[in-house]
Structures are given as structure tokens and as C-alpha cells.
Amino acid sequence: MRKIRWWLLLPLVAAVAWWGCSPAVARDRSRQDCLMDQLRSSTVQAELKFFQHRQTYIKVYSDMTVRVPRKWDLAKDLTYSEKSEEYRRAMRCLLLGPKGSSGSSEVRPHDPKVVAKGNWVTVQYDAFLWIQNYGTIRIGPWTVSGDAHKNWQVALRPQSLDQVPWHVTARLDGLNFDDQSNPGASYADANNLVWNREMPKQVAFDVDLPWQHSLALVFGQSWNTAGVAAWWVCASCVIMLAALRAQRLLPSTGTATQSGQRVGDTRGESPVGTMLQWGLLSTAVALTLLLIIPQGSIPLNWRSFLCIPTGLALLLVARPWRGGLPPAAPGTAADGPAHPEAVQRRRARIVIATASGVAAAGLLVVVAPALFGLPDNLVSSKAPTVSGLIGLMLMGLATVWLWLAAMVAWAWRFAREGGLAPTSWTHKWDTSIGRCTAVTGTLLGVAAGALLACAWAAAERQWTRTNWLTFSNDSFTAAPSFNKFMATFSFSDLLWTFSYSWILTVIALAALLYFRVRAQRIEPEGRKEELSFRPGTPDLLLIAALFAFLVGLQGRKFANETALYGLWIPLNIFSLYTIVTLGRRWSVLGRLGGCFYEKLLGSKKSRRELLAKARLYRSLNHELYLLDQGRGGSVTRQQLADELHGLHQWLIAECHGERPPDHLSVLDVALAWGPQGHWWSNAMRAARLAFCFGAPASAALVFLDLRDTYHWLELRYEPTGIPDAVASFFTYQMAWAGAGFVLGALWRLLPGHRSPARAWSLTVAYALPICIAVLIIKLTDAGFGQVFLYSLLMLSVLTLTSIWMDLATFRREQELWPSRFALLLSIYQVRGFSTQIAWLVTQLAAAAGIWHQLARG
């Protein structure tokens with residue numbers, strides 16, 4: 001056999017290699033060559049819109065429409081799926097050219113709209129952003145640049161199609177401008193500039209921002225930081241002042257009850273001491289986070305080294321293993337002996353060991369990153385590795401777990417010492433410490449994992465938004481930027497967690513208030529009844545602080561004036577004190593004098609007599625109504641009038657001859673007293689009612705929040721956007737419950753013959769600080785947002801709560817009536833009932849109208 005001459009096959013091998021490689025070479029060449037010469041017949045329309053009114057920062061919206069000929073080799077690729085490589089290549093060439101880059105700050109409201117018709121393919125590309133900082137920003141084909149000493153320069157600088165004439169429109173929304181184009185614009189008026197078939201490099205103009213927006217750019221960040229810092233300092237001062245005032249009127253060494261159980265010690269480990277610790281510690285931590293974490297003044301590994309021990313210290317200082325008081329209702333003795341020291345030491349060892357183990361696992365990554373294949377700064381510039389991701393995830397989850405555990409530990413400490421914790425919980429904590437620690441730790445781990453999942457999803461959407469035109473098929477988890485996300489997600493999560501630590505302050509205030517209520521059971525019987533009538537002076541300060549944190553905090557959010565944060569708490573406290581001071585003398589019980597409620601309302605027997613008189617009063621009025629309708633039977637109007645006069649004389653007799661106002665009736669007095677004997681019980685009943693009635697309002701407000709463009713972007717692209725939306729619903733619920741609690745606590749001090757008038761009084765207390773915020777919003781031309789809607793919803797929720805409180809006052813009569821509606825009609829009578837229903841419907845209709853207007857945008 002003849003030998004094969006292999007050298008003769010070389011041309012064939014080269015041909016096969018060329019045939020196999022030519023598509024890849026062609027693809028690479030196509031990436032570089034966008035065939036821009038084929039786009040010279042394209043037409044482009046660009047519109048830039050400015051929105052300055054009802055905005056904290058000026059919003060800029062770019063609308064660009066490009067019509068390209070089908071003869072362009074890449075035109076067909078524009079009609080492919082948005083996820084295909086051909087589509088991204090063609091869209092990149094069209095919008096950015098061969099070497100351009102997209103703006104990282106611009107936001108696309110939707111994917112470019114592509115329509116193929118006839119010999120043309122039309123692409124509409126929209127983008128927007130807010131001018132929040134000085135510097136140069138790119139939005140669509142435009143560049144916007146400025147500094148604190150010059151006007152803002154706006155120029156049309158497209159990265160492609162720069163050799164094609166453009167039709168350009170600029171809508172300036174009343175901004176002062178100076179046309180810098182040469183030649184000038186084809187048309188100009190006070191709000192618009194128009195260029196017809198101009199080359200892009202010739203289109204330029206300057207705009208002068210109003211002083212309101214310039215101030216926001218110059219001082220916005222510093223004002224935000226100063227406002228938040230002032231808020232924390234003011235909040236700590238308020239809770240410490242409230243704690244110290246409450247301490248003066250409590251026994252200094254604990255007082256024994258009839259059963260021998262001590263009410264508590266107001267020194268050392270009492271709620272007062274714990275509140276003072278929290279006031280100082282929370283301010284120190286908040287200022288540290290404000291000054292160090294956001295500014296990035298220390299390297300990443302040192303930040304991690306700081307945050308993990310800080311979370312551990314917060315947890316250990318809380319000392320959740322400390323014993324407290326078992327809960328008891330006012331007027332009842334606490335049960336259960338004090339915990340032995342040995343049991344407490346065992347609880348401490350388990351908690352400390354668990355927390356220290358988690359902290360050690362997180363710190364291991366920081367001090368020995370090489371064990372996980374990480375550099376010293378923890379962020380690798382290469383593609384993520386499995387070991388590196390495990391290390392970063394371990395460090396981040398440990399950090400978040402410790403901060404969540406610290407918040408839970410402080411909440412438990414406050415609730416336990418104040419007696420708010422349910423008996424079943426305290427019993428399980430005392431008897432099954434290991435199981436409780438394991439369950440709590442697992443739940444906290446799930447919560448930390450959920451926060452990581454939300455941050456992961458948001459970061460992936462952000463990465464996709466900024467890299468949507470790249471040719472790489474790599475996923476977010478394979479990109480080097482994923483390393484930075486995993487190393488930094490814990491900081492955003494812990495900042496978010498601590499931003500809601502004001503809830504711990506609310507729990508502390510409620511715990512101290514309830515602690516004082518429990519302490520009243522050791523007072524003499526007469527003194528106990530007097531204390532149950534209305535809150536004392538220290539109690540009123542605690543209630544006002546709760547009102548400021550729960551109700552007023554939402555108003556601060558809607559006012560959107562960060563600089564006012566430090567003033568918001570004292571403004572709300574002063575507002576409530578003003579309403580109570582003015583309203584107390586005009587309240588029903590205030591007009592009757594102290595002797596009346598001491599004699600008539602000082603015991604359950606006398607209160608039952610008052611309710612019986614009120615029932616008789618309602619029955620006589622109903623008979624008068626029937627008489628007016630011709631259905632009165634044998635009874636005469638004079639007989640009914642005599643009986644009503646007798647009820648009024650009885651009221652005068654109970655006032656020791658001090659004649660009360662003629663328009664006050666026994667029904668007014670019964671309704672003014674409320675459904676419960678103790679003001680705390682009235683407060684808790686009203687809080688539960690307001691919480692239920694407020695659920696639809698919370699859902700409506702969260703829906704409106706997400707309809708807003710800025711909040712929707714936060715939901716999609718911020719690491720804590722989803723948790724913040726969920727937390728918003730519960731904070732709204734807490735606001736309604738807090739408003740109901742204050743309404744019930746001050747029920748006997750607020751003015752009004754009928755209960756809806758009391759709801760109006762409390763809404764005015766909320767609205768007074770809002771008026772200052774509204775004035776500043778009007779002055780700075782910012783958006784009002786939901787401030788008016790929230791006020792109306794607050795009034796509606798409190799009105800419904802007050803009506804149900806009146807129903808509860810006569811709840812013992814429910815079996816005598818076919819329905820609650822019939823009982824309510826009996827309480828208010830026909831005319832009064834019609835008025836209350838009309839008033840409530842008016843509120844709901846106004847709130848629905850405002851909500852619909854806001855929902856439409």
C-alpha cells in the first residue's frame with residue numbers, strides 16, 4: 001500500500017478550521033462594527049422634561065424615539081426577545097454606539113418599545129432620574145452637569161447617531177434657562193425650547209435651579225444626618241426624662257402587696273434603670289452608625305470587625321436572662337416567686353455561649369480571610385468562589401443575627417420587667433431556657449436569611465438594570481460585583497434593623513406605664529379609685545411620649561422634612577398637652593367637679609346605678625320620639641318631661657347642690673366615663689379596636705406608597721425595600737393602635753358630649769405639628785404626599801373606635817336588643833345617630849376621594 005502523503009491534507013484542514021471559526025470571528029467583528037453608515041437615513045426625536053414643583057429634588061425625564069431603516073443589518077435583531085444576545089447587540093449599537101456606556105444612575109420605566117412597520121423599525125427609549133447631587137450625570141442621549149457656583153449645563157451628547165439631524169424639545173417647567181446653542185433654538189417660550197433638524201452637538205442650554213432645590217443639593221445630606229442625629233438625641237432625652245419623673249413617685253425599694261409579692265424596685269434592674277441604659281446606649285450606637293458606617297471612613301474589614309462586637313455587646317448589655325415581674329391585671333396581685341440565682345446564672349451561660357459562638361463564627365472570616373480564599377479587604381476582584389461566598393455569607397448572617405438578637409433581647413427585657421410579657425412566655429423561658437434559646441435563635445436565623453434573600457434579589461435586579469446591554473451571558477452570582485454585595489449586605493440590613501429600634505422605646509414606655517398601673521394596687525382603696533379615674537402627671541408624660549413616637553412619627557414621615565426630626569417629638573408632646581389642658585375644663589366630667597365622680601363613680605355599685613339612670617334616660621327620650629310620631633299610647637308629654645327633670649335633679653343632688661350645665665344628661669356622664677373602670681383598661685380596649693379598624697387604612701397607605709415612583713424603585717432596587725414595605729404596614733397598625741390607646745387613656749379628659757368629638761380633639765393634637773410641616777412644604781415647594789389623607793384616616797379610625805367604645809359602655813344591654821345597630825340607635829337616638837353616621841360617611845368619602853386622586857397620580 002502506498003503511504004498517505006499527510007502534507008497534501010493540510011489545505012483541507014485549514015479550510016475546515018476556517019469554516020468552523022469564521023462565524024465566531026464574524027460575531028466578534030459584528031460586535032465592534034455597528035454598521036453606523038447604514039443609519040444615516042434614520043430620524044431621531046428627543047424630548048427632555050424637567051419637573052420641579054411638588055418635588056424635593058428636580059426630576060428629569062428623557063424620551064427618545066429613533067426610526068431606523070430595515071436595510072440596517074441589525075434592524076431585524078431589534079425585534080427579537082429582550083433577553084437574546086442579538087437584541088442586546090443591536091440595541092447597544094443603536095443607543096450607545098460601538099464604544100459607549102450606559103448611565104448607571106438613570107432608571108428605565110420599561111424596556112424600549114420596538115415597532116416594525118413597512119421599511120422602518122421604530123424604537124422608543126425612556127429614562128428618568130432625580131438631580132440629587134452636583135456633578136455630571138447622563139440620562140439617555142443627554143448630559144446634565146453642574147456645581148454649587150454655576151448654572152446647570154444641559155447638552156445633547158448622544159453616543160450614537162451623532163451624524164444625523166435631530167428634532168429636539170426641552171420642557172423646562174418654569175425653570176430659568178439660557179439657550180447656549182449655535183444657532184439658537186427654532187422656537188422658545190417661557191417653558192419650552194425646540195430645535196428642528198439640528199445636529200446634536202449644537203444643542204445646549206443652561207438652567208438655573210430655584211433656591212429651594214439648590215439648598216436641598218447643598219445641605220441635603222448634612223441636614224439629613226443632623227436631623228436624624230437630633231432625633232435620636234431628643235428621643236433619648238424624652239425617655240430618660242419620663243423615666244426619671246416616674247421614678248420619683250414609685251417606692252424606692254419595692255413595696256410588698258397583700259400576698260407578699262413585691263411590686264418592684266425602681267433602682268438598678270427596674271424598668272426605670274433599664275430605660276436609662278437604653279436611652280444612653282441607643283444614642284451612642286445611632287451616632288456611631290451615622291458617622292462611621294454610611295461615610296465609609298474605615299475599611300470594609302474594620303467595619304465588619306466593629307459591627308460584630310457591637311451587636312454582641314448590645315445583646316449582652318440587655319441581659320435578657322434577668323428576672324422580672326410576671327404580668328398581672330390592675331387590682332390583682334402578681335403570682336410566682338422570685339427566680340433563684342442559680343437558674344438565672346444558667347440562663348446567662350446559655351445565652352452568652354450562643355451569642356458568643358455566632359460572633360466567633362463571623363469574626364473568624366474577618367481575622368482569617370485566607371481560610372476562605374478571601375483577600376485581606378474581604379472583596380475579591382475575581383469571579384466568586386464557593387469557599388469565599390460561604391465565608392462572606394457566614395460573616396454577614398452572623399452580623400445580622402446578632403443585631404436582630406440584640407433588638408429582641410431589649411424588647412424582652414422591657415416587657416418582662418414591666419409585666420407586659422404573657423405569663424405563658426415567661427413560664428417557658430424560666431423552665432425551658434435551652435429550648436427557648438434554640439427556637440428563638442432559629443427564628444432569628446430565618447429572619448436574617450430572609451433579609452439576605454431580599455437584598456440578593458434587589459441587588460440582582462440592580463445589576464441587571466445597569467448591565468442590560470452587555471454581551472456577557474454571566475449571571476449576577478458569577479460577576480465580581482457579587483463579592484462586594486456579599487461583603488456589604490449586612491451593613492444595610494443592620495442599619496435598617498436599628499432604624500426601627502424606636503419600637504423598643506415604645507415598648508419601654510408602655511412597660512413603665514403599666515408598671516406604674518400595677519403599683520397602684522397597693523394604695524388604699526380610696527386612693528386606688530382616684531388613681532383609676534385618670535392618668536397622673538407622670539403617666540400623662542409617658543402617654544404623650546407614646547403619642548409622639550407612635551402617632552407623630554408617621555406624620556414626620558409624611559412631612560418629609562428631615563431637618564425637623566429633632567423637633568418632632570417635643571412638638572407632638574406639647575400639642576397633646578395643650579389639647580388636654582384646654583379640653584379638661586370643657587370635658588363632661590370636668591364640668592361636674594371632683595366631688596361628683598368621687599361620690600357617684602367611686603365604686604362599681606354607684607357606676608351601675610349611673611348606667612341604669614342612663615338607660616332610663618334613653619327610654620324616656622325614645623318614648624318622646626314615639627309621641628311625636630303619634631305612637632305614644634296613653635303617656636303624656638308632661639309625664640315624660642317630669643321624669644326627665646327628675647333625672648336631672650338626681651344629677652344635681654349627686655353634685656352636692658352644684659348645678660351642672662343644663663345640657664348635660666346622665667347619658668353624657670355615662671358615655672364620658674367609658675366602658676371600663678380603670679383608665680388603663682379603657683386605653684387597651686380602644687387600642688384593640690383601633691388596630692382592627694385601621695387594617696384597611698394601612699393597606700391603602702402601603703398601596704399608595706408603592707404607587708409612588710420613588711418608593712416603587714426603592715422596593716425593587718434597595719436591599720431593604722421589601723422588608724421596609726412589610727414593616728410599613730405594621731408601623732401603620734401600631735400608629736392606629738397608639739392613637740386608640742391615647743384616646744382611651746384620656747377618654748375622661750377630652751372634651752365632647754358624644755365620643756366622636758373626643759376623636760376630633762385627638763386628631764387636632766396630631767394635626768397641630770403637621771401645620772408647621774405643611775407651611776415648610778409649601779415654602780420649599782415640596783410634595784405634600786399623603787399627609788392630608790393620613791390625617792383623615794386617623795380621624796375616621798378614631799371616630800369608629802369612639803363609637804364602638806360607646807357600644808361597649810352599654811354592653812350589658814346587648815341581650816335586650818336584636819343587634820348592635822339597634823343598641824347604637826338607642827344610645828344616640830335617631831337625630832344623634834343620623835348626625836354621627838353623616839359625619840363618619842363624610843370623613844370616609846373625603847378620604848376615598850383623596851386616595852383615588854393620589855392613586856391616579
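1. Cys454 is buried in this predicted model. Its relative accessible area is 17%, and the cut-off for buried is under 20%, so Cys454 falls within that class. Cys771 is partly exposed instead, with a relative accessible area of 49%. Exposed requires over 50%, so Cys771 stays in the class in between.

2. How many disulfides does a search of the whole structure find? The search returns one, and it joins Cys34 to Cys93 with an S to S distance of 2.1 Å. A disulfide is a covalent bond between the sulfur atoms of two cysteines. The link of Cys34 and Cys93 is left-handed, with -65 degrees about the S-S bond. Distant parts of the chain are linked by this pair, which is 59 residues apart. Cys34 sits in the loop between helix H1 (10–32) and strand E1 (43–51), while Cys93 belongs to helix H2 (residues 85–96).

3. By class, the lining of the largest cavity comprises eleven nonpolar, six polar and two charged residues.

4. The second largest pocket has a volume of about 1500 Å³. Which residues lie nearest its centre? They are Ala411, Ala415, Pro422, Trp425 and Ile507, out of 44 lining residues. In class terms, 36 residues of the lining are nonpolar, six are polar and two are charged.

5. Several helices supply at least two residues each to the lining of the second largest pocket. Among them are H6 (341–367), H7 (386–418), H8 (423–431) and H9 (433–466).

6. Lys428 lies in helix H8 and is exposed, because its relative accessible area of 52% is over the 50% cut-off. Leaving aside residues up to four places away in sequence, Lys428 touches Ile433 and Cys436. Ala447, in helix H9, is partly exposed, with a relative accessible area of 32%. The C-alpha atoms of Ala447 and Leu404 are separated by 8.4 Å, although the two residues are 43 residues apart along the chain.

7. Some backbone angles deserve a check. Most residues other than glycine have a negative phi, and most peptide bonds are trans. The peptide bond from Asn182 to Pro183 is cis, with omega near 5 degrees. Pro183 is placed in the loop between strand E9 (176–179) and strand E10 (187–188).

8. Where are the residues with positive phi that I would look at, Arg319 and Leu378? Arg319, with phi near 50 degrees, is in the loop between helix H5 (300–318) and H6. Leu378 has a positive phi of about 75 degrees and is found in the loop between H6 and H7. Neither residue is a glycine. Arg319 is partly exposed, at 24% relative accessibility, whereas Leu378 is buried, at 0%.

9. Finally, the chain as a whole. Its secondary structure comes to 26 helices and twelve strands. Buried residues make up 49% of the 857 residues. Of the contacts with a separation of 6 or more, 74% are between residues 24 or more positions apart. The accessible surface of the chain is about 39600 Å², and carbon and sulfur atoms account for 60% of that surface.

Terms used: Residues are numbered from 1 along each chain as its sequence is written. This is a predicted model: local features need pLDDT of at least 70, side-chain atom pairs count only at pLDDT 80 or more; totals for chains, interfaces and linings use all residues. Side-chain values use heavy atoms; hydrogens and water are left out. On a 1 Å grid over the protein atoms alone, a cavity is a set of points where a 1.4 Å probe fits but cannot get out, and a pocket is an open set with protein on both sides within 12 Å along at least five of seven lines; lining residues have an atom within 4 Å of a point. Grid points are joined across faces, edges and corners, and a volume is the space filled by probe spheres set on the points. Helices (H or I, at least four residues) and strands (E, at least two) are DSSP runs, numbered from the N terminus. Ala, Val, Leu, Ile, Met, Phe, Trp, Tyr, Cys and Pro count as nonpolar, Asp, Glu, Lys and Arg as charged, and the others, Gly among them, as polar. Buried means under 20% relative accessible area, exposed over 50%, partly exposed in between (1.4 Å probe, protein chains only). Contact means heavy atoms within 4.5 Å. Accessible areas come from the Shrake-Rupley method with a 1.4 Å probe; for residues, only the protein chains shown count as cover. A disulfide is a pair of cysteine sulfur atoms within 2.5 Å.
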